[in-house]
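This briefing reviews selected features of a single protein chain.

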Amino acid sequence: MSSIVADPESASTQQLVEAASVIFSELANRAAPDSGTACMELAEALSTVTDRAEHVLAELIAVVDRTGEMKAWGLPSTQAWLRCRMGMREGRAKERITLARQLHRLGRVCTGLAAGELSFGYAATIADAVQRLNDDDTAAAEDILLTAAGEGLSAGKVAKLGGKIHDLVREYNGEEKPPEDVQRGYERSWVTVSRSLDGGCYLKGWLNPEDTAILDGTLAPLAKPAGTDDRRDLGERTAAALTTVLAGGHGATRVTVIADLETLTGADTPGRLRDGTPIPAEQVRRLALTAGISPLIFGRGHVPLYLGHTVRIASAGQRRALETLYDTCAVHGCEVPGFLCEVDHVDGWALGSPTDIDKLTLCCGWHNRWKHTNPQQIEISKSDGRFVYRTLAPDGIARARRSIPEHDANPWQDDQSLAA
């Protein structure tokens with residue numbers, strides 16, 4: 001314990017982080033007390049400490065997010081950085097990014113979290129609820145949700161209030177509320193539309209897997225970023241895509257269902273969507289009748305498509321084959337869906353790579369450009385017939401990752417789970 005700084009106020013941030021690491025390392029090596037009461041008290045006290053640490057983490061993430069430092073490491077977004085470098089699952093990463101981006105607008109939440117008077121669960125819930133509100137409505141929403149938390153409502157119930165925060169803010173401001181959504185079950189797909197006071201509307205609903213595939217096949221290609229300067233989030237791009245479809249400015253819907261020939265001829269073997277969702281045989285046959293059939297043949301009877309150097313752009317058939325092979329971008333840790341990616345020549349078209357199916361992969365637009373401008377920071381391997389790209393650290397900077405105990409699975413080697 002001698003390495004802990006004697007004067008915290010004069011210590012640098014780096015020194016304080018190192019001191020915290022020493023303390024938590026010591027705690028991790030100590031056995032929990034036998035007393036259940038003592039453990040409850042210690043756990044609650046430690047939870048307050050970790051909540052305050054979450055405030056520090058949010059401030060650090062906010063700076064990385066604002067400066068875009070992660071891009072120098074081959075990581076296209078803050079979310080990718082948190083997933084790949086800190087091992088966070090997608091939901092946890094999104095929570096922390098949202099808090100980091102909204103904390104400066106939530107003065108009371110920021111103060112409470114830093115003082116250990118407000119838990120991370122409440123802070124993250126409130127940040128999520130206000131991210132689409134303007135500053136005036138954010139202040140009202142913060143007051144509403146903090147009051148609910150202070151009255152003893154759980155973070156889950158506060159989250160439910162956050163789900164209808166627009167209505168609550170209008171009520172708080174003495175304005176008329178929009179009509180409430182119609183309650184429905186989840187046996188069949190359903191959508192409700194509620195008008196808002198400003199002439200807009202709220203959409204709410206649920207789609208079964210079959211209808212979800214049709215929705216994805218229609219909207220996903222239209223919801224891609226318009227370019228490097230497109231700062232709309234996915235929700236905003238999806239809304240624009242829906243408007244395009246309703247206005248008739250779209251092509252045919254594309255749905256890929258993978259099934260055995262026997263299923264199409266009457267067998268009960270289910271098919272599956274690209275993400276692995278099973279589709280009953282009867283629904284597979286109905287989709288085949290209404291949407292037509294485009295065969296994708298794999299296995300020993302593999303029929304690859306080879307275009308050599310005569311064509312640079314991959315054919316539609318090659319792309320569909322690649323989308324079936326790759327659920328996501330080929331870059332390890334990148335979770336951009338394959339159907340939103342670009343076809344990439346693994347060895348580079350300009351360097352002589354042919355447009356052959358076994359020399360192509362799918363790469364998101366950001367990583368495709370990054371690979372072209374930073375070829376020395378890409379390591380290429382192949383596993384189970386799929387290419388895997390790994391981003392390397394900038395020259396002179398050592399990439400440090402958390403060590404994984406030998407008896408645990410090594411997530412950095414799980415290529416198939418990302419590409420399959």
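A patch, as the term is used here, is made of residues with over 30% relative accessible area and no salt bridge, nonpolar side chains being joined within 5 Å. The model is predicted. On that basis, I23, F24, L27, L46 and V49 make a nonpolar surface patch of about 390 Å². The elements that contribute two or more residues to this patch are α1 (13-28) and α2 (36-67).

**Nonpolar patch**

- Helix α1 gives the most to the nonpolar patch, namely three residues.
- F24, one of the patch residues, has its place in helix α1.
- The relative accessible area of F24 is 37%; F24 is therefore classed as partly exposed, since that class lies between the buried limit of under 20% and the exposed limit of over 50%.

**D51, a charged residue in helix α2**

- Helix α2, which also supplies residues to the nonpolar patch, contains D51.
- D51 is buried and yet has no salt bridge.
- What is the nearest side chain of opposite charge to D51, and how far away is it? It is that of R96, at 8.1 Å.
- The side chain of D51 does reach the backbone nitrogen of F120, at 3.0 Å.

**P270, a loop residue**

- P270 is located in the loop between α12 (261-264) and β4 (271-273).
- Is P270 buried or partly exposed? With a relative accessible area of 48%, P270 is partly exposed, because the exposed class requires over 50%.
- Residues up to four places away in sequence not being counted, P270 touches I279, P280 and A281.
- P270 and E282 are twelve residues apart along the chain, and their C-alpha atoms are separated by 8.3 Å.

**The chain as a whole**

- The protein chain has 16 helices and nine strands.
- Of its 420 residues, 34% are buried; D51 is one of the buried residues.
- The protein chain exposes about 25200 Å², of which carbon and sulfur atoms supply 53%.
- Among contacts between residues at least 6 apart in sequence, 52% join residues at least 24 apart.

How values were computed: Residues numbered from 1 in each chain as written. Predicted model: local features only at pLDDT ≥ 70, side-chain atom pairs only at ≥ 80, totals over all residues. Heavy atoms only, no water. Patch = residues over 30% accessible without salt bridge, like charges linked within 9 Å, V, L, I, M, F, W, Y side chains within 5 Å. Areas by Shrake-Rupley, 256 points an atom, 1.4 Å probe, with all protein chains shown as cover. Salt bridge = Lys/Arg side-chain N within 4 Å of Asp/Glu carboxyl O. Helix = DSSP H or I, 4+ residues; strand = E, 2+ residues; numbered from the N terminus. Buried < 20%, exposed > 50% of the residue type's maximum accessible area, 1.4 Å probe, protein only. Lys, Arg positive; Asp, Glu negative; His and termini not counted. Polar contact = N/O pair within 3.5 Å; in protein donor to acceptor, adjacent residues only side chain to side chain. Contact = heavy atoms within 4.5 Å.
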